[in-house]
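Please look over the structure shown below before reading on.

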Amino acid sequence: MKFFILFSLFLMSLFASHVEEYTWKNGQAYLAFLKEKGLSQKELYHDIDKEDKKLTEEIRSGVHYQELVSDETKALEQLLIPLNDELQIHIYKVKDKYRFETIPIISTNKLESLALSINVSPYYDILKKTGSNKLASMFMQGYKNSLNFKNDVQKGDRLAMIYEQKYRLGHPFSMPVLQASVIELNRKKHFIYLNKDQRYYDERGKQVEGFLLGRPVRNARITSRFTRKRWHPILHKYRAHLGVDYGARRGTPIYAAGSGRIIFAGYTRGYGNLIKIRHKDGYMTLYAHQKKFRRGIRRGKHVKKGQVIGYVGSTGLSTGPHLHFGLYKHGRAINPLRVVQVTVKKLHGKKLREFQELKKNYDEQLLSLIKELPPIEKSKQFQRVCYLNPSKEKEDDKSSNH
C-alpha cells in the first residue's frame with residue numbers, strides 16, 4: 001500500500017498545486033539536473049546507496065517526467081522520473097528536506113485499435129494519422145521479416161491493428177504491444193497474431209520470424225524471469241531483473257545465441273566472468289556468472305550462432321551455478337523470452353485449436369476495422385492539471401508513515 005499512498009500524495013499538496021510534464025534532455029546528467037532544479041546533490045545522490053546511484057544512470061533521454069509544484073510557494077513538492085515501464089524515481093519533500101526512493105509505476109492497460117488506407121507507406125501514414133512513432137514502429141516490426149513494404153505496397157491498400165497500450169497519469173506510456181493486425185496488399189490479406197505463448201503467428205499458425213536467437217544453455221531450467229519490478233527480500237527495495245536466469249550444472253556449455261562480434265570478455269564484480277556480443281540491427285546479448293570462457297574467446301572475435309563461448313558457473317554476485325542471459329536493443333533491455341526463438345515452428349493439435357479460436361475472435365474485429373476505417377484520434381498532449389489537498393493533517397500522517 002505504501003506506493004499507492006505516495007502516488008496519492010503526488011496528486012496533492014498542502015495548498016493548491018499543479019502537475020507539469022517535461023522531457024528529459026538528450027545528454028542530461030542526473031547530477032546536473034539536480035543542480036539546475038536547485039536540489040541537494042548530497043541528499044539525492046551522494047547519500048543514497050550504490051544501487052540507487054546506478055539507477056540514476058538509467059534515465060533515458062526523451063522520457064517524460066512530472067513535477068508537482070505548489071501554486072502558493074512555487075516550490076517543488078514531488079518529482080516522478082520513469083526508469084522503465086514499471087519502475088520510477090520518486091523525489092518528495094518532507095518538511096524542509098527532499099528524499100529519494102524508487103517505486104512502481106501505477107498504470108492501466110487498454111485494448112485499442114486503428115485502421116487506415118495507405119497513401120505513402122504504412123509507417124508514414126500511421127505516424128501522420130496518429131502522431132505516434134511508437135505505433136508506426138510497432139506495426140513495422142511485426143511484419144519486418146515477412147513482407148517487403150517497399151515493393152509490395154500500393155496506394156489504397158488498407159491496414160488495421162489491435163494493440164494494448166499502457167497509460168500513466170491518464171496518458172499513453174511506453175511501447176504499445178501488438179495483439180493482432182492485418183494488411184491488404186494487392187487484394188491479399190496478411191495477418192499476424194500474438195498467441196498465448198507470447199510469440200507471433202500468421203493465419204496458418206506458423207510462427208513469424210523475428211530476430212532469431214538460439215537458447216544459450218540447452219535443456220536448462222528457467223530459475224528467474226525478466227522483470228522491471230521485483231521486490232528484493234533482503235534489500236527491501238524494488239529492483240529490476242533485466243534478463244533470464246538458466247539454472248544448470250557447473251561447467252555446462254554456453255552457446256552464442258546469435259552470430260556477432262564480442263565487445264567484452266572479462267571479469268566484473270557483479271556479473272563475474274562476463275561476455276557481451278554485438279549483433280546486427282542494434283541487438284546485444286549478455287552472458288554472466290560464467291565459470292570460464294572457452295579458449296580463444298576474447299574481445300573483437302567474431303562468433304557464430306550456436307558456437308560454445310563459455311561454461312556455466314557462479315562467479316560474481318551469484319548464489320549458485322546459472323547463466324544470467326540478457327538481451328538489449330540499442331542499449332535498452334528487452335525480455336529475451338519474447339524475442340528468443342529456438343526454431344520457427346508451426347502449431348499442431350490442441351495448441352492449434354486454441355490459436356484458431358483466438359484468431360477467429362481477432363479476425364471479426366480486424367475485418368470490420370479494415371472495411372469501415374473508423375476515424376483516428378491523435379494522442380493528446382499532457383495538460384497542466386491542478387489539485388487540492390483537503391487536509392494538512394492527513395498528509396502529515398502519511399508522510400510520517402514513510
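The buried residues of helix H9 are Phe355, Leu358, Lys359, Tyr362, Asp363, Leu366, Leu369 and Ile370, where buried means under 20% relative accessible area, exposed means over 50%, and partly exposed lies in between (1.4 Å probe, protein chains only). Helices (H or I, at least four residues) and strands (E, at least two) are DSSP runs, numbered from the N terminus. This is a predicted model, in which local features need pLDDT of at least 70 and side-chain atom pairs count only at pLDDT 80 or more, while totals for chains, interfaces and linings use all residues. Residues are numbered from 1 along each chain as its sequence is written, and side-chain values use heavy atoms, with hydrogens and water left out.

**The chain as a whole**

- The chain has 10 helices and 23 strands, and buried residues make up 46% of its 402 residues.
- Among contacts (heavy atoms within 4.5 Å) with a separation of 6 or more, 64% are between residues 24 or more positions apart.
- The mean pLDDT, which is the predictor's confidence in each residue on a scale from 0 to 100, is 84 for the chain, and 85% of the residues reach 70 or more.
- Over residues 1-7 pLDDT stays under 50, and the model has 15 contacts beyond four places in sequence for them.
- Over residues 385-402 pLDDT likewise stays under 50, and here the model has 33 contacts beyond four places in sequence.

**Helix H9**

- H9 covers residues 349-372, which is 24 residues, and it reaches 35 Å from its first C-alpha to its last, close to the 34 Å expected at 1.5 Å a residue; the expected span is 1.5 Å times one less than the number of residues.
- At tyrosine 362 the helix H9 bends by about 25°, the bend being the angle between axes fitted to the seven residues ending there and the seven starting there.
- An α-helix has 3.6 residues a turn, so residues three or four places apart point the same way.
- The cover over the buried residues of H9 includes strands E6 (108-117), E7 (158-168), E8 (171-185), E9 (188-194) and E10 (200-201).
- Just after H9, leucine 373 takes a positive phi of about 50°.

- An open sheet is formed by 5 strands in the order E6-E7-E8-E9-E10, with antiparallel pairing; two strands pair if DSSP finds at least two bridges between them.
- E6 and E10 each have a single partner strand and stand at the edges, so one side of each is left without a neighbour in the sheet.
- The antiparallel strands E8 and E9 are joined by 6 bridges, and valine 182 stands opposite phenylalanine 191 in E9.
- Helix H6 (residues 133-142) packs on the sheet, where it touches E6, E7, E8 and E9, and its direction makes about 45° with that of E8.
- H9 lies across E6, E7, E8, E9 and E10 and runs at about 105° to E7; for such angles, axes are lines fitted to C-alpha atoms, for helices over the stretch in contact, and the angles run from 0 to 180 degrees between N-to-C directions.

**Strand E4 and its partners**

- Strand E4 (residues 87-94) is mostly covered, with 7 of its 8 residues buried.
- Strand E3 (residues 76-82) pairs with E4 in the antiparallel sense over 5 bridges, and a hairpin of 4 residues joins E3 to E4.
- E4 also pairs in the antiparallel sense with strand E5 (residues 97-104), here over 8 bridges.
- Isoleucine 91 in E4 has leucine 79 opposite it, and isoleucine 91 also stands opposite phenylalanine 100 in E5.
- The hairpin of E4 and E5 has 2 residues between the strands, and lysine 95 in that hairpin takes a positive phi near 60°.

**Single residues to look at**

- Histidine 289 lies in strand E18 (residues 283-293) and is buried, with a relative accessible area of 5%.
- The residues that histidine 289 touches, not counting those up to four places away in sequence, include Tyr271, Asn273, Thr315, Leu317, His322 and His324.
- Glutamine 198 is placed in the loop between E9 and E10, has a positive phi near 65°, and counts as partly exposed at 31% relative accessibility.
- Histidine 330, in the loop between strand E21 (322-329) and strand E22 (332-334), has a positive phi of about 55° although it is not a glycine, and it is exposed, with a relative accessible area of 64%.
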